[in-house]
Amino acid sequence: MQINNPLEKFGLKDVACAFSRRQDGNMSLCYGDTRGALENRKRFLSAIGIDYRGLICAKQVHGKAVTYVTESNKGSGALAYDSSISDTDGFLTDKKNVPVAVLTADCLSVFVYDPKRPAVGILHAGWRGTEKNICVEAIRLMQEKFGSRPDRLLVGFGPSIRVCCCKMENDFKSNFPFGLINRDGSLYLDIALINTRQLVACGVKEGNIFDPELCTFSGNKDFFSFRKEAQGAGRMISVIMLR
Ligand SMILES: [Zn+2]
């Protein structure tokens, strides 16, 4: 069965949560062919009970800032890219009916859910955000703001470029103590593994992290890939909302 809800296996009733595929169309109002993007969002989001006009999106910058949002932020980036929230790569909310989203093509999206509070989060973690520990930042904020216990959090990953295809320059230097693999004389980065390790180091249980292991590059017919398509690449949406 085709996975489009990375938290599905946890059987949640009070969360709407999904990532889109190429077949759902480009979801970006800024990158790729944007002409049908609003219609694409409307169709995709209405199927999971989300009004696309309330969506909260970011002007993502590959940083580690995570922003707490509420009803008052609804619609930021929903109808025009310029109204997106600046300088952030993730959102948290404990409010119902506040849909938060990130847009990706190769970068990893990370869905977080605290069933106790309840609260949700969505993160954009490419290698730069991963290097800056955006997952750790989000968990820290959830502890601080919501009293979340990491060992109770449920986490899901969206599609991303995987270690099979994520070739780096041979002089790629990073602070990653692991996740950089040497294969046939080339360096490959395992972004999902690094994020998993970061989350586990924060106290998230490995069994509470679901990784569908979908590669955007080798699965390019189903997913947008910036590496494969360069500037023309559209974006998938990863969205989560408490209901
Ligand atoms: Zn691949």
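Mentor: Let us begin with a sheet: here 6 strands form an open sheet in the order S2-S3-S6-S5-S7-S11, with mixed pairing. Strands (E, at least two residues) and helices (H or I, at least four) are DSSP runs, numbered from the N terminus. Two strands pair if DSSP finds at least two bridges between them. Strand S2 (67-68) and strand S11 (209-210) stand at the edges with a single partner strand each, so one side of each has no neighbour in the sheet. This is a predicted model, in which local features need pLDDT of at least 70 and side-chain atom pairs count only at pLDDT 80 or more, while totals for chains, interfaces and linings use all residues. Residues are numbered from 1 along each chain as its sequence is written.

Trainee: In which sense do strand S7 and S11 pair, parallel or antiparallel?

Mentor: Strands of a sheet pair through backbone hydrogen bonds, either parallel or antiparallel. Strand S7 (residues 154-157) pairs with S11 in the parallel sense, over 2 bridges. Within S11, Phe210 is the bridge partner of Gly156.

Trainee: What is the strand order of the open sheet formed by 3 strands?

Mentor: That sheet has the order S8-S10-S9, and its pairing is antiparallel. S9 and strand S10 (residues 186-189) are joined over 4 bridges. Tyr188 in S10 is the bridge partner of Ile181.

Trainee: Which strands does helix H4 lie across?

Mentor: H4 lies across S5, S6, S7 and S11, and runs at about 25° to S5. Axes are lines fitted to C-alpha atoms, for helices over the stretch in contact, and angles run from 0 to 180 degrees between N-to-C directions. Contact means that the C-beta atoms of two residues, placed from the backbone, lie within 7 Å.

Trainee: Which residues of H4 are buried?

Mentor: An α-helix has 3.6 residues a turn, so residues three or four places apart point the same way. In H4 the buried residues include Ile191, Ile194, Asn195, Gln198 and Leu199. A residue is buried if 20 or more other C-beta atoms, placed from the backbone, lie within 10 Å of its own, exposed if 12 or fewer, and partly exposed in between. After H4 comes Gly203, with a positive phi near 110°.

Trainee: How many helices and strands does the protein chain have?

Mentor: The chain has 5 helices and 12 strands. Of its 243 residues, 47% count as buried.
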